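Me: I would like to go through a structure with you. Could you take my questions one at a time?

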Amino acid sequence: MMRRALAVLLLGWMTALQAAPAVQVKALFPKRALLQIGSEQQLLREGESVAGVTLLQANSREALLEIDGKRHKVGVSRYIAASFTESEGSEVRLSPDAGGHYVTSVDINGHQVEAMVDTGATTVVMSLPQAKALGLDYRNGQAVTMRTANGNARAYQVMLERVSVGAVTVENVAALVNMSDFPHVILLGNSFLNEVQMQRENGVLVLRSQY
């Protein structure tokens, strides 16, 4: 009886793992999206579901997906869902995308957004449209000049109340709001990364809470 119960539990655990494959948006159309789910490509219409992934909305710029009860807004070529897995305790494991970048869903002040880990960025960095979407009162921040690959740019330094990647949360995180459309993806810089434990294990980036 115990062996049978253990087998059932193991089967359920394996099924749960299989229910959340890596997902990548390959192409976007009005009310449709071409997704790479695990090793297979699927063309979904709004409202359709495959392998635990539901397409809620889609247009030519982004798709709104629901995976394991969580909603994600993503653009073409971005990985989501299985880009991180939560372990027991405050730990998150990030798998790289096809370009070797660690892009994942991040909660900033209660808003789910997409961000890329960037150890070369001093702080979290976002564009003006991204800051507006988060409802940040950036004009009350300190006006500064930031250096970019294209030269100096005008920016505002702000403080984010809370930044979370899965179960790993840091409060009072410094960020820069660039007064332009750059970067296209929020950069998760060292104002967050220096407050967590970070290491690579066989290509997987592991983030752990320090406290």
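Me: What about residues 1-20?
Reply: The pLDDT over residues 1-20 is below 50. Beyond near neighbours in sequence, that stretch has five contacts in the model. Where pLDDT is low, the predicted coordinates should not be read in detail.

Me: How many helices and strands are there in the protein chain?
Reply: The protein chain contains three helices and 19 strands. Of its 211 residues, 41% are buried.

Me: And what share of the contacts is between residues 24 or more positions apart?
Reply: Among contacts with a separation of 6 or more, such pairs account for 49%.

Me: Changing topic: in what order do the strands of the four-strand open sheet run?
Reply: The order is β4-β5-β6-β7, with antiparallel pairing. The edges are β4 (49-50) and β7 (70-74); each has a single partner strand, so one side of each is left without a neighbour in the sheet.

Me: How many bridges join β6 and β7?
Reply: Strand β6, residues 63-67, pairs with β7 over five bridges in the antiparallel sense.

Me: What happens in the hairpin of β6 and β7?
Reply: Two residues lie between the strands of that hairpin, and Asp 68 takes a positive phi near 55°.

Me: Ile 67 next: is it buried or exposed?
Reply: Ile 67, which belongs to strand β6, has a relative accessible area of 4%; because the cut-off for buried is under 20%, it counts as buried. Its C-alpha lies 9.4 Å from that of Val 23, although 44 residues separate Ile 67 and Val 23 in sequence.

Me: Which residues touch the most other members of the largest nonpolar core?
Reply: They are Val 124, Met 126, Leu 160 and Phe 192, in a core of 33 residues. A second, separate core has 14 residues, including Ala 33, Leu 44, Ala 63 and Leu 65. In soluble globular proteins, nonpolar side chains tend to be buried together.

Me: What is Leu 160 in contact with?
Reply: Neighbours within four places in sequence aside, Leu 160 is in contact with Ile 108, Asn 109, Val 124, Met 126, Leu 136, Glu 171, Asn 172, Val 173 and Ala 175. Val 124 and Met 126 were named above with Leu 160 among the core members that touch the most others.

Me: Where is Ser 127 found, and why does it count as buried?
Reply: Ser 127 is in strand β13, residues 124-127. Its relative accessibility is 2%, so it counts as buried. Once neighbours within four places in sequence are left aside, its contacts are Val 177, Asn 178, Ser 180, Asp 181, Phe 182 and Pro 183.

Me: Finally, which helix holds Asn 190, and what does Asn 190 touch?
Reply: Asn 190 is in helix α3, residues 190-193. With 18% relative accessibility, Asn 190 counts as buried. Not counting residues up to four places away in sequence, Asn 190 touches Asp 118, Thr 119, Ala 121, Thr 122 and Thr 123.

Note on methods: Residues are numbered from 1 along each chain as its sequence is written. This is a predicted model: local features need pLDDT of at least 70, side-chain atom pairs count only at pLDDT 80 or more; totals for chains, interfaces and linings use all residues. Side-chain values use heavy atoms; hydrogens and water are left out. pLDDT is the predictor's confidence in each residue, from 0 to 100. Contact means heavy atoms within 4.5 Å. A nonpolar core is a set of buried Ala, Val, Leu, Ile, Met, Phe, Trp, Tyr and Cys residues joined through side-chain atoms within 4.5 Å. Buried means under 20% relative accessible area, exposed over 50%, partly exposed in between (1.4 Å probe, protein chains only). Two strands pair if DSSP finds at least two bridges between them.
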